[in-house]
Structures are given as C-alpha cells and as structure tokens.
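Biologist: I would like to learn how to read a protein model. Please take me through it feature by feature.

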Amino acid sequence: MWAVSTITMLVLAGILPDFQLQSADGDSATRIAVTAALGAGAFGLLSALVWPVMVRLLLLVPALVLGLLVFFLNGSLLLLALRLNPSGDSAAAPETAVIVAAVMSAVASATGGALAVRDDDAYRRRLYRLADRRRRARPPCPDAPGTVVVQLDGVGHDVLLDAVDKGLMPTAARWLGAGADVPEPAATHRLTPWRTDWSSQTGASQLGILHGSNRDVPAFRWYEKDRREVMVCNRPSSAAELQRRAVERTRDAGLLGVDGASRGNLFSGGADELALVLSVSARRGRDNRSRAGYFAYFSDPANAVRTALSFAAEVGREIHQSLRARLRKQRPRVSRGGLYPLVRAFATVVERDVVVAAVMGDLLAGRTAVYADLVAYDEVAHHSGPGSRDAEKVLQRLDRSLALIEKAAEHAPRRYRIVVLSDHGQSPGETFRARYGLTLADLVRAGCGLPVPRRARHTRSGAEARAAVRAALRRPVEEGAEQYRPSPRSEPIVLASGNLGLISFPDVPHRMTAEEIDARHPALLPTLANHPGVGFLLVRSAEHGGLVLGARGARIPVGLLGREPGPLAGFGPGAAEAVRRTHGFGNAADIMVNSFHDPADGEVLAFEEQIGSHGGLGGPQGRPFLLSPLDLSVPVADGEHLVGAEQVHRVLRRWLAEADGPQVPVGEARGGAVTRARSEPDHAGQNLPAPDPAGHRKSA
C-alpha cells in the first residue's frame with residue numbers, strides 16, 4: 001500500500017501545479033522518488049497514529065459535520081507530513097493538499113479493496129481493522145452460534161421477490177436458491193411473509209420486535225391527552241419513553257439483553273453495545289454510547305474519505321434523478337428539493353456505511369445477538385416510489401451490504417445465522433392533497449365549520465432518516481405544537497402517519513364517543529366518512545363500544561367486524577382484528593381515519609407528502625418479510641400466519657433460545673427475582689404464553 005501511495009503522489013505532483021516534490025533548481029528522478037516515498041510514509045504513519053485521536057476528539061461535534069471535515073483533516077495531515085519530510089523539497093498549497101490527500105486515501109482504499117477480494121487473508125485483515133479494538137479483552141466465544149438480524153426498512157415481501165427475479169439482489173437470490181449462478185436448487189434460507197399491525201411503521205414494528213410489546217402505539221405520531229403532548233416515534237424523547245413503557249410492560253430488557261448490539265435502530269432492544277440508536281441519542285454523558293459507532297468507522301481515514309466522496313456522489317445522483325422526473329412530468333411526484341438530497345445521502349451512504357461496519361465489527365468480536373436497521377430503501381421509496389428505478393438501485397446496494405456481512409461472518413470466531421427481515425412494506429399512490437387539493441386537516445376544519453385556508457399546506461413527512469440526521473446534528477426533532485394547553489373550544493389536532501390520520505380534541509380529557517362528536521360537530525363524521533379519499537373511520541361509541549364508519553351510512557360495531565361485510569372488506573385478511581386491537585389502545589385518537597385503498601393495484605392516498613407510504617391499512621405496506629436460515633425452526637406451522645410484530649419477537653426469542661441465546665428479564669438485571677415476560681394478548685384476543693427463557697441466565 002505504501003508503494004501505491006508513493007506512485008499516486010508522484011502522479012499528482014506531475015499534474016497539480018501547486019504540488020511539488022523537488023527543489024526549484026530541479027532534482028534527479030531518484031531523489032524525487034525518495035521524497036515521494038518519504039512523504040507517503042509520513043502521511044500513512046500520521047494517518048494511523050494521529051487520525052484516530054482527532055476523530056475521537058471530534059465526536060464532541062455533530063457527527064454529520066465530521067464528514068464535512070474529513071477532507072480538511074486529511075489535507076492538514078499531508079501538510080504536516082510534507083513539513084516533516086527530511087528532504088525539505090516538498091511543498092503544497094493548502095487547497096492542493098486537501099485534493100492530494102483525498103485522492104491518495106481514495107486510491108489506497110480502492111486498491112486495498114481490490115486486492116482483498118482476491119486474497120482471503122488480506123480481506124480478513126481489512127475486516128478486523130473495523131472490529132472493536134477491545135475485542136481481545138473479551139472472553140472466548142461460546143460454541144453456540146450467534147445471530148445477526150438485518151432489517152431492510154420498508155422493503156415489502158413482493159418487492160423482495162421482484163428484486164430477486166430481476167437479478168437486483170444476487171445475494172438474497174442465492175440464499176433462496178433462485179440466483180442465475182446457482183446450478184441447482186440449493187437454498188439456505190426460507191422466505192416467510194408476515195402481517196403488520198394497523199400501524200404499519202417502524203416505530204410500532206421495531207418496538208414490538210425488539211421489546212416484545214407495541215401496545216398503545218396507534219400510529220407514527222399521536223396526541224396523548226393525559227400528557228398534553230404529541231408523541232412522535234422518531235423523536236428521541238418519545239422513543240426513550242416508548243422503550244421505557246415496553247420494558248415496564250413486559251418486565252424484560254429486550255431481545256438483545258445480554259451480549260447484544262443494536263445498530264441504527266429506534267430502540268436499543270436492551271443491548272449494551274449501541275450505535276446510532278435514537279432512544280439514547282438525547283442522553284448526555286456516559287449513558288450515551290450511541291455515537292461510538294462513528295468513531296469505529298471514521299477512525300480509518302480511507303473509510304472517511306470514501307464515505308465523504310460517496311455522500312457527494314449521492315447528492316448529485318438525487319438532484320439528477322429529481323430533475324429527470326420533473327422534466328418527464330412523472331406522476332405521482334412530490335417535492336424533493338431543499339435539504340432532501342442531503343437527507344437521502346445520509347440515509348443511503350453515511351448511515352449504511354457506519355451501520356454495516358459496526359455489524360461487521362460485532363461479528364468479528366463474536367457478539368451473541370446483533371440487530372441492525374438499514375433505512376436507505378425506505379427513504380428513497382417515500383419520494384421516488386416503491387417500484388421506481390431509484391429505489392431499485394438502492395436495493396442493489398443493500399444486497400451488496402448483505403454480501404459484506406456474510407463475508408465477515410465467514411471470518412468470525414463463531415458461526416452465525418443471518419436473518420433478514422423488514423418492518424413493513426410501502427404502498428404506492430399519490431397524496432391526498434395532490435388528488436383533492438386539500439389536506440386532511442382542511443377537511444376536518446370544513447366538517448367542524450372552521451375556516452379553511454385557500455391554499456393547502458404541506459403535511460410534514462415522517463421518514464425515519466430525517467430523525468437520524470437531526471440526531472447526528474444534535475438537533476431535537478421538532479413537530480410543532482408539541483404541547484397544547486386546551487381552551488374551552490380548542491380546535492382539533494390532526495396528525496398524519498402515512499395513509500392513517502388521527503384527530504383529537506385536546507379540550508376533552510377522555511376519548512370522545514361518536515355521540516359526543518355528533519353533538520359538537522354534527523357534520524364532521526359524515527363529511528369524513530363520505531369523502532372519496534377516505535376508506536373508513538374508527539370511533540368510540542357509548543352504545544356499541546366502538547364503530548367503524550364508512551360511506552353511505554355504513555356503521556359496523558367493532559364486535560361484529562369480520563362477520564359482516566363493511567368498509568373493511570377490501571383491506572385484506574387481518575384488517576378486522578388489527579382495527580379491533582387498536583380500538584383497545586388507551587392512546588387511540590378520538591377519530592382514526594384510514595385512507596381510500598384500491599385492492600386492484602394496492603394504491604393508497606397518503607396524508608403526508610409521500611408517493612410511497614406506510615402507516616395504515618391497504619396494499620403492500622402491511623406485508624413485510626422474514627428471511628431465515630433453514631437450520632432454524634420454521635417461524636409458524638404450515639397453514640398458520642405470522643401476524644404482528646409481537647409474534648415476530650416471539651419467533652426471534654425462540655431462535656435465540658435454540659442457540660442458548662440471551663433471554664434476561666429486567667428483574668434479574670437489577671438484582672431482583674427472575675421473572676418471565678408476561679403473556680400479551682395476540683391479535684385474535686387469546687393469551688399466548690411468552691417463550692421460555694433460554695439456557696443459563698447471566699447478569700446484564
């Protein structure tokens with residue numbers, strides 16, 4: 001690698017006028033070569049010794065800013081290396097030093113990667129540099145296999161199959177025995193679809209998967225009357241509170257309670273090793289270890305430069321794709337300007353690179369259980385569409401990330417089972433505002449007899465990547481009007497979660513009944529139920545307990561859902577039980593609104609500015625997947641369905657138990673009595689026993 005850097009420095013010295021490796025009087029070729037070799041050596045030595053210390057210090061600044069400082073730090077190191085050169089003939093202008101350092105790091109990274117592909121030993125050594133430096137202090141790994149779970153955020157079951165059929169995801173295809181390069185069926189994994197809850201979004205799904213309970217999470221954002229606060233799943237304070245409630249309800253630390261690692265998630269899962277975890281990102285001091293993932297990755301200057309260059313390329317790619325969509329007048333289409341190109345680049349490059357590197361380090365360190373979330377597809381599909389070319393390109397890059405993780409597992413000190421799943425899918429369709437010229441909030445105001453703005457306002461998008469960017473910048477996630485002080489006739493609060501809308505009256509301390517709403521606003525419920533963009537409403541009823549309302553006066557008591565045809569008929573299997581379960585939540589809104597759904601093409605109408613959305617019922621958004629190794633027990637028996645994130649949690653618990661994985665309740669972690677997780681009602685209303693704790697328990 002030293003020779004490669006030397007040659008690169010010589011080439012750049014011949015190209016760049018402000019970069020010289022010889023004296024003004026001229027030197028021999030041999031002396032120039034020696035000067036280049038010494039300069040490259042000094043630069044490499046400083047990068048190895050000084051760079052990690054500089055990155056550690058820079059963890060005090062916002063993480064996203066660190067990426068912007070990469071080039072300047074490298075340039076400074078090169079200037080220092082040239083000054084330390086004993087020949088004294090080398091010099092460079094500061095701006096030229098930045099360019100030279102960036103090119104040298106990029107060439108070294110690319111060359112090292114190319115050599116490593118052809119040499120397993122070199123590749124293994126490169127992977128080990130990404131591992132935690134403290135791994136040598138860890139005790140020997142047990143013989144039991146470890147488990148790594150990779151969440152491909154927003155990738156639906158059918159999207160995955162289509163990508164495999166089109167050859168976009170060769171790694172996944174090989175696991176399923178469906179790749180073009182597989183001579184005969186040799187599947188190593190099985191693919192199982194599962195159904196989400198009504199709230200088909202990352203907050204509810206991941207909380208249920210990692211912590212075993214997503215009860216009282218009716219949507220991505222909702223208003224809590226007792227706290228007079230809007231809860232938002234991707235706000236750090238809300239995520240921390242939701243995690244606390246789940247741990248309190250289940251009396252269990254989470255899926256990753258012992259020797260676990262949580263990477264890029266909304267919640268920790270009880271893991272001790274954290275990187276880019278939102279629920280702890282608001283903490284200060286030693287309790288916040290989430291930012292350590294940045295150091296583990298950016299401590300390698302080649303990684304830092306490569307990610308910075310890829311970040312810039314992704315910004316340019318998004319600007320080009322957005323401009324192309326506008327020129328072609330593609331429909332549907334949403335605005336992709338402002339800071340969105342930076343948000344997309346952060347999700348598809350920075351977060352992906354840091355999370356994948358952290359997972360590879362976990363595997364090489366021999367951790368027992370790892371759960372990581374890659375949000376790239378979800379972010380792009382929101383704005384480009386779930387079946388767009390832009391989204392397909394992201395799937396190709398995600399498949400390469402799976403291949404990297406698989407390669408790292410081959411060199412790990414223990415055997416690993418790689419599980420891949422998604423937390424939800426995405427349903428296509430234009431926005432409610434684009435089709436009807438008004439937002440859901442405008443429609444509610446009209447039904448209440450309140451003035452409606454002449455121009456519909458944009459509804460805030462709740463993509464997960466935006467929260468990750470804000471956390472990286474150390475800026476709180478603001479939703480506006482976080483707390484409401486109710487007045488005697490306070491206006492309704494209208495919140496959007498994909499194609500699910502929630503309407504609350506903050507001046508009424510309890511969940512209002514349909515009878516109370518009709519008495520206050522006689523036109524509101526009929527206005528909503530009969531609008532062509534609305535599929536159905538859920539309201540509480542003093543007479544029936546709960547009512548599902550639809551067009552043309554349809555009124556189905558919640559207790560009769562599934563037994564009578566009604567507004568839910570076109571929303572597919574499981575819709576009735578999902579609505580019935582949400583009706584029992586203490587945080588359900590006064591009026592729950594699900595958009596129109598076309599069963600023919602899966603189209604929904606998002607109440608947010610998204611052309612690929614999720615959060616409610618209807619279409620592919622409620623059909624994610626679970627891709628698991630064949631040597632694990634089947635997720636569900638033949639003829640049964642995998643329903644709800646809580647059941648996915650129980651399946652993962654069982655798989656960890658099969659390998660003597662971590663199953664440590666909170667009671668034991670605190671020194672109290674060992675207590676099993678409580679049974680939670682399943683979606684059919686029956687109590688299912690929680691999985692037995694696995695093997696020997698350890699203190700967290």
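Modeller: Start with the surface. The accessible surface of the chain comes to about 28800 Å², and 55% of it belongs to carbon and sulfur atoms. Such areas come from the Shrake-Rupley method with a 1.4 Å probe; for residues, only the protein chains shown count as cover. This is a predicted model: local features need pLDDT of at least 70, side-chain atom pairs count only at pLDDT 80 or more, and totals for chains, interfaces and linings use all residues. Residues are numbered from 1 along each chain as its sequence is written, and side-chain values use heavy atoms, with hydrogens and water left out.

Biologist: What is the mean pLDDT of the chain?

Modeller: pLDDT is the predictor's confidence in each residue, from 0 to 100. Here the mean is 78, and 65% of the residues reach 70 or more. Where pLDDT is low, the predicted coordinates should not be read in detail. Residues 476-484 stay under 50. Over residues 661-700 the pLDDT is also below 50.

Biologist: How many of the 700 residues, as a percentage, count as buried?

Modeller: Buried means under 20% relative accessible area, exposed over 50%, and partly exposed in between (1.4 Å probe, protein chains only). Of the 700 residues, 59% count as buried.

Biologist: Which residues have the most contacts inside the largest nonpolar core?

Modeller: In soluble globular proteins, nonpolar side chains tend to be buried together. A nonpolar core is a set of buried Ala, Val, Leu, Ile, Met, Phe, Trp, Tyr and Cys residues joined through side-chain atoms within 4.5 Å. The largest core here has 61 residues, and Trp198 and Val579 have the most contacts inside it. Helix H21 (residues 645-658) gives the most to this core, with six residues. A second, separate core has 54 residues, including Ala163 and Val356.

Biologist: Which residues is Trp198 in contact with, beyond four places in sequence?

Modeller: Contact means heavy atoms within 4.5 Å. Among the partners of Trp198 are Leu500, Leu538, Val579, Met592 and Asn594. Across the chain, take the contacts with a separation of 6 or more: 72% of them join residues 24 or more positions apart.

Biologist: How many helices and strands does the chain have?

Modeller: Helices (H or I, at least four residues) and strands (E, at least two) are DSSP runs, numbered from the N terminus. The chain has 22 helices and 24 strands.

Biologist: What is the strand order in the open sheet of eight strands?

Modeller: Two strands pair if DSSP finds at least two bridges between them. The order is S8-S7-S9-S3-S10-S21-S4-S22, with mixed pairing. Strand S8 (273-275) and strand S22 (642-643) stand at the edges with a single partner strand each, so one side of each has no neighbour in the sheet. Strand S10 (residues 416-421) and strand S21 (residues 625-629) run antiparallel, joined by two bridges. Val420 has Leu627 in S21 as its bridge partner.

Biologist: Which strands does helix H12 lie across?

Modeller: Axes are lines fitted to C-alpha atoms, for helices over the stretch in contact, and angles run from 0 to 180 degrees between N-to-C directions. Helix H12 (residues 340-365) lies across strands S3, S7, S9 and S10, and runs at about 170° to S9. Gly361 is found in H12. At 5% relative accessibility, Gly361 counts as buried. Its C-alpha atom is separated by 9.6 Å from that of Tyr297, 64 residues apart along the chain.

Biologist: Which residues of strand S17 point one way, and which the other?

Modeller: In a regular strand the side chains alternate between the two faces of the sheet. In S17, Ile591, Val593 and Ser595 point one way, Met592 and Asn594 the other, and all are buried. S17 covers residues 591-595. Strand S13 (residues 500-504) runs antiparallel to S17, with four bridges. There Leu500 stands opposite Asn594. Strand S14 (residues 534-541) also runs antiparallel to S17, with five bridges. Leu538 has Met592 as its bridge partner.

Biologist: Where is the cis peptide bond, and which residues have a positive phi?

Modeller: Most residues other than glycine have a negative phi, and most peptide bonds are trans. A cis bond joins Arg331 and Pro332, with omega about -5°. Pro332 is found in the loop between helix H11 (301-327) and H12. Asp216 has a positive phi of about 65°. Arg552 has one of about 55°. Arg552 is in the loop between strand S15 (545-549) and strand S16 (555-557).

Biologist: Is Arg552 buried or exposed?

Modeller: At 78% relative accessibility, Arg552 counts as exposed.
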